[in-house]
Amino acid sequence: MHVVIMAGGSGSRLWPSSRSSFPKQFLSIAGEDTMLQATLARVDGLSSGNTSVICNEEHRFVVAQQAQDFGAALSSIILEPAGRNTAPAIALAAFDALESAGDKAPLLLVMAADHVINDVRAFHAAVAVAQVQAEAGSLVTFGIVPESAHTGYGYIQRGAEVVGQGGAYGVSRFVEKPDAGTAQSYIDAGGYYWNSGMFLFAADVYLNELKAFRPDIYSACEKAFANRQRDKDFLRIDAEAFKACPDESIDYAVMEKTDKAVVVPLSAGWSDVGAWSSLWEIGEKDAYGNVISGDVLNHNTVNSYIRAEHRLVATVGLDNVVVVETNDAVLVAAKDQVQDVKKIVEALKAQNRSEVSQHRHVYRPWGVYDSIDNGERYQVKRITVKPGAKLSVQMHHHRAEHWIVVSGTAKVTNGDKEIMLTENQSTYIPVGVVHALENPGVIPLELIEVQSGSYLGEDDIVRFEDRYGRVPKG
């Protein structure tokens, strides 16, 4: 069995914690581990040592770092040149798994990186039931036993029980997200499950069904995979071929058309964490029905979700409200309207505001920087460089930089000079001078960078050399 983890979502409904450059699957919002790391823990013992993560180009170093920090060895990190939904993404994973499988086509356990499953034992038991069906040639989906008439999920209506094995059913139909009355009728009727978006099937069976029902998707993915390139830990897909692929979900492309669909019920404390209200639903509540995270003081506040990430948050007299504080934005919303957070994200995009994509903390393959302060012609950053890491050899057309070491040791290239700086020492990088920064030590390097100039954008970088394979400019 190969595990395929899809980590390409943007998580816009969990703004302001989730940003497009660092979405919810990379955040610790439902436990101490990030959601990706919790998913890796959940599949421990299920795979044959082959776990692939599918993500976009921008997030490749985050995926690699979080897997490394967690101690998980990934067989592939498949980079999508563009988002084309789940049917093409899974096809790429299927081609990759078949290439390394040998004679027998492997089973693919497909799941999202941003789901919560509290009862891992129940999940493993459902996978064992599904595995029998997948080995017999079925395309298995996991149907969540509904806890309420939820309108935020699609539903699966089960058919007859599969002969010879309890706990697996044919699929009668897939239905779209219903209105409240229709959802309640499903609950009253029984035999309906929430559509989890998790699957188990043989790689060749999926590809054969995709080829039968959507040959356009199949051929585009086949061509894109045929022209792949391995780049260290990453599998790069041919961008031109993949961008020509239609955008389609696996449900529409295959599952709603095939006669091989089987549903296995799952009752394991599942949530797709599709909105802040989901974290309230699955969270541990206090005596007043509140779910609290961080430094929070409440008075006469009930049935609310309050999250403080960087400072004290105090509430008075709130009911059924969501409050989320980050270091550069605060969200206050009625808990029953948090699906509309996406409208705020759309407005931020329209205004070209950085809060839609970036946190103050910006992660890079070499470490992280925090934009502490900025003005019309200056910007101050706190930079942390991992041991052994090095920023690209670069220069800027419009800004000068002053570096002050706070802790650790910096190896600095400044024009034709190479110097070592330690705590409380500094250097100045004039406009147009080629420079580089490296941490040769065994502890993190922390420094303050003061930028000054007529333009301070991140696109004013000309790269001459980069160990992380980033493009020469930008």
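The sulfur of Cys-55 lies 16 Å from the closest cysteine sulfur, that of Cys-221, which is too far for a bond. This is a predicted model, in which local features need pLDDT of at least 70, side-chain atom pairs count only at pLDDT 80 or more, and totals for chains, interfaces and linings use all residues. Residues are numbered from 1 along each chain as its sequence is written, and side-chain values use heavy atoms, with hydrogens and water left out.

**Cysteines**

The structure holds zero disulfides, a disulfide being a pair of cysteine sulfur atoms within 2.5 Å. Cys-221 is in no disulfide either. The two residues are set out below; buried means under 20% relative accessible area, exposed over 50% and partly exposed in between, with a 1.4 Å probe and protein chains only.

**Nonpolar cores**

A nonpolar core is a set of buried Ala, Val, Leu, Ile, Met, Phe, Trp, Tyr and Cys residues joined through side-chain atoms within 4.5 Å. The largest one has 133 residues, and Leu-109, Leu-200 and Tyr-206 touch the most other members. Helix α3 (residues 86-101) supplies the largest share of this core, nine residues. Helices (H or I, at least four residues) and strands (E, at least two) are DSSP runs, numbered from the N terminus.

Leaving aside residues up to four places away in sequence, the contacts of Leu-200 include Met-1, Leu-107, Leu-108, Leu-109, Val-127 and Phe-142; contact means heavy atoms within 4.5 Å. A second, separate core has six residues, among them Ile-306, Ala-308, Val-313 and Val-321.

**An open sheet**

Four strands, in the order β14-β16-β18-β19, form an open sheet with mixed pairing. Two strands pair if DSSP finds at least two bridges between them. At the edges are β14 (291-293) and β19 (330-334), each of which pairs on one side only. From one strand to the next, the twist averages 5 degrees, where axes are lines fitted to C-alpha atoms, for helices over the stretch in contact, and angles run from 0 to 180 degrees between N-to-C directions.

Strands β16 (residues 305-308) and β18 (residues 321-325) run parallel and are joined by four bridges. Opposite Tyr-305 stands Val-322 in β18.

**An annotated span**

UniProt, in an unreviewed entry, lists residues 351-466 as "domain: Mannose-6-phosphate isomerase type II C-terminal". In the model, residues 351-466 are 0% helix and 54% strand, and their end C-alpha atoms lie 33 Å apart.

Technical notes:
UniProt positions are given in the numbering used here, feature names are shortened, and annotations may be inferred rather than shown by experiment.
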